[in-house]
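Biologist: I would like to go through the labels attached to this model and hear what each one rests on. Please give the value and the cut-off each time.

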Amino acid sequence: MSNALDLTVMYAMHGACRDLAQLDRVTTAADCDPVRVLATAAGWTLLKQALRAHHAAEDDALWPSLRLNLAGRPKDLGLLEVMEAEHAAVAAVVQAIDELLTEPGADPLRLGQLTDALTRGLAGHLQHEEDTAFPLIRRTLTAEQWAHFSQVHARHIGKNAPLLLPWLLDGADKPTATRLLAQLPAPAYDACTARWIPAYAALDRWSPGTTA
């Protein structure tokens, strides 16, 4: 077990996922069709990709390691079940939004209700995880288990790295961005700084027709 685990990527991912103000702007704007914008905007695609990659990595490699280490501790094991249930609830709302976006004549009011539910549910989950699961990770997980989770997390990001890494860095403070970039292999670092970040900066990701 280690109190020295570097959770920078976790906090950065949570910080980026919390940036849901654009969903509120899109679904309440009077001068645009929110259904069309969300259905074809790169911002929605990026948010979904990030959530799926992050939650899948936790479900595949983080909670199983913790569950192994927490054998015989029912209260802590119960927390892991809650984390997985919250993941499922978030995924269900995302799916409901996507299904609505494919419906002819989709109701913008219903879309706003769903995006509000996503904003509240995701914000609550992220705070719950930071308050309860992060301390448990620090107390319980070994450095080797954390390294395995980091590798699985990177694999889930995979081919979406050219957009997800700049998205993750967007808005992060300078120390956090520096630590994240320092963790990249040299080829990924070079590609991220020379090509991916400039391309992302030029992407008006919450405009219609920009789907990544």
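Biologist: What makes D98 count as buried or exposed?

Modeller: This is a predicted model, and the accessibility is computed from it. D98 has 19% relative accessibility. Buried means under 20%, so D98 counts as buried.

Biologist: Why is the pair of R52 and D98 called a salt bridge?

Modeller: The closest N and O atoms of R52 and D98 are 3.5 Å apart. The cut-off is 4 Å between a side-chain nitrogen of Lys or Arg and a carboxyl oxygen of Asp or Glu, so the pair qualifies. R52 lies in helix α4 and D98 in helix α5 (residues 74-101), 46 residues apart, and the pair thus links distant parts of the chain. K48 belongs to the picture too: K48, R52 and D98 are linked in a network of salt bridges.

Biologist: Which class does R52 fall in, and why?

Modeller: R52 has 49% relative accessibility. Exposed means over 50% and buried under 20%, so R52 counts as partly exposed.

Biologist: How many salt bridges does the structure hold, and what is known of the one between R67 and E84?

Modeller: The structure holds five. In the pair of R67 and E84, the closest N and O atoms are 3.2 Å apart, which is within the 4 Å limit. This pair also links helix α4 to helix α5, with R67 and E84 17 residues apart. R67, at 31% relative accessibility, counts as partly exposed, and E84, at 28%, is partly exposed as well.

Biologist: How do R73 and D76 stand against the cut-offs for a salt bridge and for burial?

Modeller: Their closest N and O atoms are 2.7 Å apart, within 4 Å, so the salt bridge stands. D76 has 18% relative accessibility, and therefore counts as buried. R73 has 36% and counts as partly exposed.

Biologist: Which residues touch the most other members of the largest nonpolar core?

Modeller: W44 and I137 do, in a core of 65 residues. Helix α4 (residues 42-69) gives the most to this core, with 11 residues. Leaving aside neighbours within four places in sequence, W44 is in contact with several residues, among them L23, D98 and W206.

Biologist: What makes helix α8 mostly covered?

Modeller: Seven of the nine residues of helix α8 (residues 161-169) are buried. Among them are A161, P166 and W167. The buried residues of α8 pack against α1, α4, α7 (143-157), α9 (174-182) and α10 (186-201). G171 follows α8, and has a positive phi, near 90°.

Biologist: Why is R110 called partly exposed?

Modeller: R110, in helix α6, has a relative accessible area of 41%.

Notes:
Residues are numbered from 1 along each chain as its sequence is written. This is a predicted model: local features need pLDDT of at least 70, side-chain atom pairs count only at pLDDT 80 or more; totals for chains, interfaces and linings use all residues. Side-chain values use heavy atoms; hydrogens and water are left out. A nonpolar core is a set of buried Ala, Val, Leu, Ile, Met, Phe, Trp, Tyr and Cys residues joined through side-chain atoms within 4.5 Å. Buried means under 20% relative accessible area, exposed over 50%, partly exposed in between (1.4 Å probe, protein chains only). Helices (H or I, at least four residues) and strands (E, at least two) are DSSP runs, numbered from the N terminus. Contact means heavy atoms within 4.5 Å.
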